[in-house]
Amino acid sequence: LFGRIDGEVQFCIVKTKVIFVAIGAAAYPLVGNVLDPCINNGLHKAHMAFFGDVDAVFKIGVTGGIGSGKSTVCELLRDRGVAVYDSDSRAKQLMAESEALREQLIAAFGAECYNAEGLDRAFLASKVFGNEEALQQLNSIVHPAVRADFQAWAEQQQSPYVVLESAILFEAGFETEVDATLAVMAPMPMR
C-alpha cells in the first residue's frame, strides 16, 4: 500500500515494515492527525495481519537529523501515553553506569576513559573524533548494549506500542528492532 495523507505525509506499507516520512511542518500535526488513527486502527492491525502476533509490542522507530523535530514528535507521543526510549540518553547512562561497558571501554581506549567523576566524555571524544576506526570500535561496544537495553525495556512496557527514538537508527542497525519507522525531516532553514 502506498499513500498520501492530507497531501503532506507519505507512507508505504510493505511486508516487514511500515514507513512514514514527515516533512517540515507536517511533522507537528502528524501525531494527532495521522499517527493516532494509524496506531489505533491501522498499524497494529497491519502488524497483526502480516505477523499474526496480537500480543507483540508494536515498536516504532523515530529518526531524523538534528533540529528536524523528532524530539517534538516523541514528546507528542509521550503526551498521548506512548512509552518512548531515548537511545542517546540511555547510551550515555549505560556508559556511565554499566560495569560491563566500563570494562570494555577501558580495554579499548584506556583507563583514562573514566575519572573520579565517572565517564570522561571529553577524553573519549578526543580518541574517536576524526578516527573512523576508533569510532567504529566505540560503536561496536555501545550499540549492542543499547540494543539489549531497549529490548529489555520494551518487554517491560504495558502498552501495545513503544517508540525507539534514535538519530542514528539506521547507522546503528536499530531498524531491525522496530516494526515501523517514522523519519522526521525539515529543510535546513526550519531547523
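User: Where is histidine 143 found, and is histidine 143 buried or exposed?

Analyst: Helices are DSSP runs of H or I with at least four residues, strands are runs of E with at least two, and both are numbered from the N terminus. Histidine 143 is found in helix H6. Buried means under 20% relative accessible area, exposed over 50%, and partly exposed in between, with a 1.4 Å probe and protein chains only. Histidine 143 has 14% relative accessibility, so it counts as buried. This is a predicted model, in which local features need pLDDT of at least 70 and side-chain atom pairs count only at pLDDT 80 or more, while totals for chains, interfaces and linings use all residues. Residues are numbered from 1 along each chain as its sequence is written, and side-chain values use heavy atoms, with hydrogens and water left out.

User: Which residues is histidine 143 in contact with, leaving aside its neighbours within four places in sequence?

Analyst: Contact means heavy atoms within 4.5 Å. With neighbours within four places in sequence left aside, histidine 143 is in contact with Ile168, Ala172 and Phe174.

User: How do I read arginine 78 in the same terms?

Analyst: Arginine 78 belongs to helix H2 (residues 70-79). Its relative accessibility is 32%, so arginine 78 counts as partly exposed. Again leaving aside neighbours within four places, its contacts are Val84, Asp86 and Glu165. The C-alpha atoms of arginine 78 and valine 162 are separated by 9.8 Å, and these residues are 84 apart along the chain.

User: How many aromatic pairs does a search of the whole structure find?

Analyst: Rings of Phe, Tyr and Trp (its six-membered ring) pair if their centres lie within 6.5 Å; planes under 30 degrees apart count as stacked, over 60 as edge-to-face and the rest as tilted. The search finds 4 pairs. In one of them, phenylalanine 58 and tyrosine 161 have ring centres 6.1 Å apart and planes at 75°, so the pair is edge-to-face. Phenylalanine 58 lies in strand E4 (residues 58-63) and tyrosine 161 in strand E8 (residues 161-165), so the pair ties together parts that are 103 residues apart in sequence. Both phenylalanine 58 and tyrosine 161 are buried.

The rings of tyrosine 85 and phenylalanine 150 have centres 5.3 Å apart and planes at 70°, so this pair is edge-to-face as well. Tyrosine 85 is in strand E5 (residues 83-86) and phenylalanine 150 in helix H6, so parts 65 residues apart in sequence are tied together. Tyr85, Phe150 and Trp153 form one aromatic cluster.

User: Which residues of helix H5 are buried, and why do they line one face of the helix?

Analyst: In H5 (residues 121-128), Phe123, Leu124 and Val128 are buried. The arc is that of the directions from the helix axis to the C-beta atoms. Seen down the axis of H5, the buried residues fall within an arc of 125°, so they line one face. Ala122 and Ser126, on the other side of H5, are exposed. The cover over the buried residues of H5 includes helix H3 (87-97), helix H4 (99-109), strand E7 (118-119) and helix H6 (132-156).

User: What takes a positive phi just after H5?

Analyst: Glycine 130 does, at about 75°.
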